[in-house]
Amino acid sequence: MNGVKGGLTSLLFLGYPLIIYLLLLYRLQWLVVCLILCLFVFRVHQQPNKLALILLASVFVLLVGVLFGADVLAKLSPLIIHSGLFYLFWSSLKTTPLIERFARLDFPELPPEIEVYTRQLTKVWCVFFAANILGCSWLALTDNNALWALYNGFIVYLLIGALILGEYYWRRIHFPDLEIPSLIQSTNNIIKNGHKVWGSEKNESN
């Protein structure tokens, strides 16, 4: 049951740009806005400052809706994901970099040079998500909904895959004496134990 739920969640996460594009096509942009607001309220309802967060989100929605229209507001939805990921990676630099935590799934005892490397790599991911925030903001302001859907529903995943694959091969070149698990082994390890990393990140941020 959990596997089915996880699979449906993954499909929804990957396919949300297409869903939003279709809703925009049929002029149901305010439905998108309402769904995003409901999701936001659901995510923050256990936060101690939930009322302030909901108020700020409502003011933001009203301002953007009045100034730019509901279409732009709906297309700004990827910013929630990219901003959240940027914050997770950036805030982890104050404690244990997020990439180091993932690396320790493969290497419980990391050499000092690997610790430095994972910190730098975490910064690279911060830059990547910051660039996506700017790019998604620009695409949201354009009238080309098809390009917006193509980027957020396909191109961005290609870029993420290229960054992961490029880093993997660069790591093998940069650390030739290090026994590095295959990409498939590392991916399986993250799938099985990645919840420990995200859980520790939430605990440290609190």
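**Close-up 1. Arg104, partly exposed in a predicted model.** Arg104 has a relative accessible area of 30%, so we call it partly exposed (buried is under 20%, exposed over 50%, partly exposed in between, using a 1.4 Å probe and protein chains only). This is a predicted model, where local features need pLDDT of at least 70 and side-chain atom pairs count only at pLDDT 80 or more, while totals for chains, interfaces and linings use all residues. Residues are numbered from 1 along each chain as its sequence is written, and side-chain values use heavy atoms, with hydrogens and water left out.

**Close-up 2. Arg104 meets Glu100 inside helix 6.** These two form a salt bridge, with the closest N and O atoms 2.9 Å apart (that is, a side-chain nitrogen of Lys or Arg within 4 Å of a carboxyl oxygen of Asp or Glu). Both sit in helix 6 (residues 98-106), four residues apart, or about one turn; helices are DSSP runs of H or I, at least four residues, numbered from the N terminus. Glu100 is buried, at 8% relative accessible area.

**Close-up 3. Arg104 also pairs with Glu115.** Here the closest N and O atoms of the salt bridge are 3.3 Å apart. Arg104 is in helix 6 and Glu115 in helix 7 (residues 112-141), so the pair ties together parts eleven residues apart in sequence. Glu115 is partly exposed at 31%.

**Close-up 4. Glu167 and Arg171 in helix 8.** Their salt bridge brings the closest N and O atoms to 2.7 Å. They're four residues apart in helix 8 (residues 145-174), about one helical turn. Glu167 counts as buried at 13% relative accessibility, and Arg171 counts as buried at 17%.

Notes
Helices (H or I, at least four residues) and strands (E, at least two) are DSSP runs, numbered from the N terminus.
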